[in-house]
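Subject: Structure for you to look at

Dear colleague,

I am passing on the structure that we spoke about, and below it you will find my notes on what turned up. Please read them with the model open beside you.

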Amino acid sequence: MSIITEEDWSFARIRSICVERAERLEQARPSEELVLALRAALVSSIEKRLFRIGIDSRDNAFVERRAIIQFPVTPEIYDWFFNARTGYRAQFWISPEKGMQFNNQIVTALSDEISIRLDNTLTARKIEFHKNNDTREERDIGDIEVPRSEILRSLSPEQSKIWICENLYDMAGQAPLNIGFAVLSEAEKSPAKLCVPKWSNQTGEGLRAPIPDCEYSWLDLKGGFVCKNGRAGQEKSPEERARSINSSGWT
């Protein structure tokens with residue numbers, strides 16, 4: 001059971017559009033079971049060879065690169081993860097510390113599966129970021145062979161994060177597909193939003209309640225940038241990210 005009340009986090013606007021969805025969110029299982037559901041989804045994606053790997057390389061103070069694991073989930077799990085009172089963002093709503101603790105639990109559970117189920121050497125897509133005026137562009141440079149050990153170093157629980165997927169890698173060599181634009185644009189236009197007073201006086205991004213079709217229902221497990229000393233770090237500190245989600249529901 002969630003400690004968040006209906007006054008804190010209501011599905012009234014979702015109910016006005018889809019009663020069945022609102023009821024499903026109301027009855028979402030405990031957060032501990034969400035960890036198990038995500039773990040099972042990753043295992044299924046590995047067994048069916050549906051998961052995707054990117055190696056994000058940037059010319060910055062971190063010098064090295066990070067691993068990004070992408071895997072599909074059902075729209076219902078996506079909805080639970082992002083929008084339920086027992087979901088991921090809900091833990092950050094309680095407190096930044098609670099959110100980071102829950103994030104670490106998920107990362108640890110998923111990393112455990114990666115450590116025992118993936119090959120010692122893996123083929124990934126090498127992704128580079130390029131600045132174009134005020135925007136950043138992701139470019140797929142091509143295949144890269146990466147040891148599983150490097151991926152696991154990148155997936156340090158304290159420096160890694162899970163979130164909805166915005167740029168889906170194409171393991172056949174096409175440019176990353178910006179699924180986030182379609183998903184979040186649709187959620188912005190839809191009247192089926194969350195009623196979370198704590199977030200309502202912010203930008204409004206946190207009130208969006210996306211539930212994409214299966215094709216776009218993917219999550220990103222993003223590791224930290226592995227430095228020359230073997231440790232992982234992030235450009236944006238986990239504490240700063242946690243405070244952002246806590247205050248506005250978005251990062």
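Helices (H or I, at least four residues) and strands (E, at least two) are taken here as DSSP runs, numbered from the N terminus. This is a predicted model, in which local features need pLDDT of at least 70 and side-chain atom pairs count only at pLDDT 80 or more, while totals for chains, interfaces and linings use all residues. Residues are numbered from 1 along each chain as its sequence is written, and side-chain values use heavy atoms, with hydrogens and water left out.

The protein has ten helices and ten strands. Its radius of gyration (taken over C-alpha atoms) is 18 Å, close to the 18 Å that the globule rule (2.2 Å times the number of residues to the power 0.38) gives for 251 residues, so the protein is as compact as a globular protein of that length. Of those 251 residues, 49% count as buried, where buried means under 20% relative accessible area with a 1.4 Å probe and protein chains only.

If contact is taken as heavy atoms within 4.5 Å, I164 touches residues including F81, L184, L219 and W250, not counting residues up to four places away in sequence.

R21, which lies in helix α2 (residues 19–26), is buried, with a relative accessible area of 7%. Leaving aside neighbours within four places in sequence, R21 is in contact with I14, D79, N83, A192, A209, P210 and I211.

In helix α10 (residues 238–248), the buried residues are P238, R241, A242, I245, N246 and S248. Their cover includes α5 (88–94), α6 (96–117), β5 (161–164) and α9 (197–200). After α10 comes G249, with a positive phi near 80°.

Note on methods
Buried means under 20% relative accessible area, exposed over 50%, partly exposed in between (1.4 Å probe, protein chains only).
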